[in-house]
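User: Hey, I'm new to this one. Can you walk me through it?

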Amino acid sequence: MSAERPRPLTLLLGLTLAAAVLVVQALLAEPTRQRERRAALGDLAALAAPVTFDNDPFDAVQELRTRPPTPGLNATLVQAMPLRTGDRQVGLVVDARATGYVDQIVLRVAFAADGRVLGTRVLTQRETAGLGRRLVDSDWLRRFTNRIVDAGDQRWRLRRDGGEVDQITGATVTSRAALHALLLAASVELPASAP
């Protein structure tokens, strides 16, 4: 008994459908990318408010320059995006990561030109449900808004580490990781002008 061969018409129909799917995907890819980009820009604008900017920070990712390294910070810089109005630097958004209780926590921090924290947002975290919710939903990160944090000032450490910052109750490791990411982000130098 031999296997039944596909009929030419069935084969042609299958190829036509596959080609049609590829064409539709290609036509939808760019609008989808633009929609995602607008949403990401809206998120950045909300994070940096009341500072406004007219550049596309995602097109202006900068080489990261930090002030002299601060011992004891267990975090890594990811990227920095300048916020500009015309040629004037009005702020900076920095992503930094640190190891939490379970995995990496990536924090996005917006700074005004004078160094004040405008806003913080947890981009990714895989802490346990309770720890993650306490980090994302609590007011703990909002306490840094409108403050100038200094990575070299030991007061900007958890009380448990000899500083003056209260931790999230029952989440020492998670709090420490988020704080280290924030402090490292604050150590990025604001570029003086547009390149």
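User: How many salt bridges does the count come to?
Analyst: The count comes to 10 salt bridges. Keep in mind that this is a predicted model.

User: Okay, which residue forms a salt bridge with Arg-108?
Analyst: That's Asp-95, and the closest N and O atoms of the pair are 2.7 Å apart. Arg-108 sits in strand β3 and Asp-95 in strand β2, so the pair ties together parts that are 13 residues apart in sequence.

User: Are those two, Arg-108 and Asp-95, buried or exposed?
Analyst: Arg-108 is buried, and Asp-95 is too.

User: What about Asp-161, what does its side chain meet in a salt bridge?
Analyst: The side chain of Arg-176, at 2.7 Å from N to O. This pair links distant parts of the chain, 15 residues apart: Asp-161 is in the loop between α2 (129-137) and α3, while Arg-176 is in helix α3.

User: Let's switch to helices. How many residues of α3 are buried?
Analyst: 13 of its 15 residues, so α3 is mostly covered, buried here meaning under 20% relative accessible area.

User: Where does α1 bend?
Analyst: At Ala-29, by about 30°, and a proline, Pro-31, follows within four residues.

User: Which residues of α1 are buried, then?
Analyst: Leu-44, Leu-47 and Ala-48. What covers them includes the strands β1 (75-85), β2 (88-99), β3 (104-112) and β4 (117-124).

User: Last topic, the surface. Which residues form a nonpolar patch there?
Analyst: Tyr-101, Val-102 and Val-173 do, with about 280 Å² of accessible area together.

User: Where does Tyr-101 lie?
Analyst: In the loop between β2 and β3. Tyr-101 is exposed, with a relative accessible area of 56%.

Key: Residues are numbered from 1 along each chain as its sequence is written. This is a predicted model: local features need pLDDT of at least 70, side-chain atom pairs count only at pLDDT 80 or more; totals for chains, interfaces and linings use all residues. Side-chain values use heavy atoms; hydrogens and water are left out. The bend at a residue is the angle between axes fitted to the seven residues ending there and the seven starting there. Helices (H or I, at least four residues) and strands (E, at least two) are DSSP runs, numbered from the N terminus. Buried means under 20% relative accessible area, exposed over 50%, partly exposed in between (1.4 Å probe, protein chains only). Contact means heavy atoms within 4.5 Å. Patches are made of residues with over 30% relative accessible area and no salt bridge: like charges are joined within 9 Å, nonpolar side chains (Val, Leu, Ile, Met, Phe, Trp, Tyr) within 5 Å. Accessible areas come from the Shrake-Rupley method with a 1.4 Å probe; for residues, only the protein chains shown count as cover. A salt bridge is a side-chain nitrogen of Lys or Arg within 4 Å of a carboxyl oxygen of Asp or Glu.
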